[in-house]
Amino acid sequence: MKYALVALALLALAPAARADAQAEAQKVNDAFIAAVNVKDPQKSVAAVLALFTEDAQHIGVFGRVHGKKELQQILPKAFADPARQGTLRAVEGLQLDPNTILAISHFDNAVSGPDGKPMSLPLRCTRVLSKQKDGRWLISAEHTSFGPPPPPPPAPAKK
Amino acid sequence: MKTALALIALFAASSAFAGDAKSEITEQAKTWAAACNAHDVAKVVALYDNDPKFIYAFMGQEGSGKAALEGFWKQSFQMTPDIAVTLQSYDVVQTSPDTAMGMGLWEDTFTGPDGKKITAQVQTSEVYVKVKGQWKIRVDHASFVPPPRPSK
């Protein structure tokens, strides 16, 4: 009986964990986009860096980056672009374990094109979010790549 | 004293565990390369967990589920029958006892539609989860290596 109650409690907690993963993934990605969109480039870089762990790993649009210090050296140039503007399109959060969430996001990143005019780049990102001792979720590893999101699944046929 | 010994044993166990994860996952990456080079779809798909997600940015593909993954690789091997991959380097970042991210640099070679040999530098990240004591790929993300950053 005791085990049945524990099992029921665990089952009841499972959807809550998933909901938290989605909410936390959304929160971190919203914060990332808000940080990218801060007009002052220095403040924008600082706000973005605050979302990463000290030893965060990046793979993708900036090549391979080891740690926040290396990221700090790269971001100022990219963030000097006055056309910089991020728009979050979609986020999916998956709880991998109590202290790890995987976030898959799609967002558009506006940058100055070769002709000086703003152009929009569709990006997708997989992020590993790690729970810190103070309860915050920070990005410990990420992979960003260019490419539009897949088309939405076809609507179910009406009977 | 007993507590101190227990702590030392725990520390030693966790260090050994971290080391194991790195070598186990690096071996998995090598196994993945061998399965891919043998065009063995079943062996490739066996390295993923039951509900994998994949993002292959260089081919504009994104999907989830073992059936979709299997379909993708079957089609890829049909379209590029001479595709071969070479693992150039592999890092493993363990994010918790049961999760890790592998980050690889690969060289892919295949014959393009015009008959010319193509060599592409590809970077990948694989999010691994431990399932019944075995590391399985939960999310696989691959993209082209961007051009080198200009020096200062």
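In the predicted model, A:L129 has A:I139 of strand β6(A) as its bridge partner. This pair belongs to the pairing of strand β5 (residues 118-131) of chain A with strand β6 (residues 137-146) of chain A, in which the two strands run antiparallel and are joined by nine bridges. Strands β5 and β6 are in turn part of an open sheet of six strands in chain A, arranged in the order β2-β1-β6-β5-β4-β3 and mixed in its pairing. The edges of the sheet are formed by β2 (63-66) and β3 (85-97) of chain A, each of which pairs on one side only, and neighbouring strands are turned against each other by 20 degrees on average, direction ignored.

Helix α3 (residues 67-79) of chain A lies across β1 (52-60) and β2 of chain A, and runs at about 60 degrees to β1(A).

Between the chains, 24 residues of chain A are in contact with 23 residues of chain B. On the side of chain A that touches chain B, at least two residues are supplied by each of β1, β2, β3, β4 (100-112), β5 and β6 of chain A, and the largest share, five residues, comes from β6(A). By residue class, this side of chain A comprises ten nonpolar, eleven polar and three charged residues.

Methods: Residues numbered from 1 in each chain as written. Chains lettered and ligands numbered in written order. Predicted model: local features only at pLDDT ≥ 70, side-chain atom pairs only at ≥ 80, totals over all residues. Pairing = 2+ DSSP bridges. Helix = DSSP H or I, 4+ residues; strand = E, 2+ residues; numbered from the N terminus. Axes fitted to C-alpha atoms, helices over the stretch in contact; angles between N-to-C directions. Contact = placed C-beta atoms within 7 Å. Nonpolar A, V, L, I, M, F, W, Y, C, P; charged D, E, K, R; others polar.
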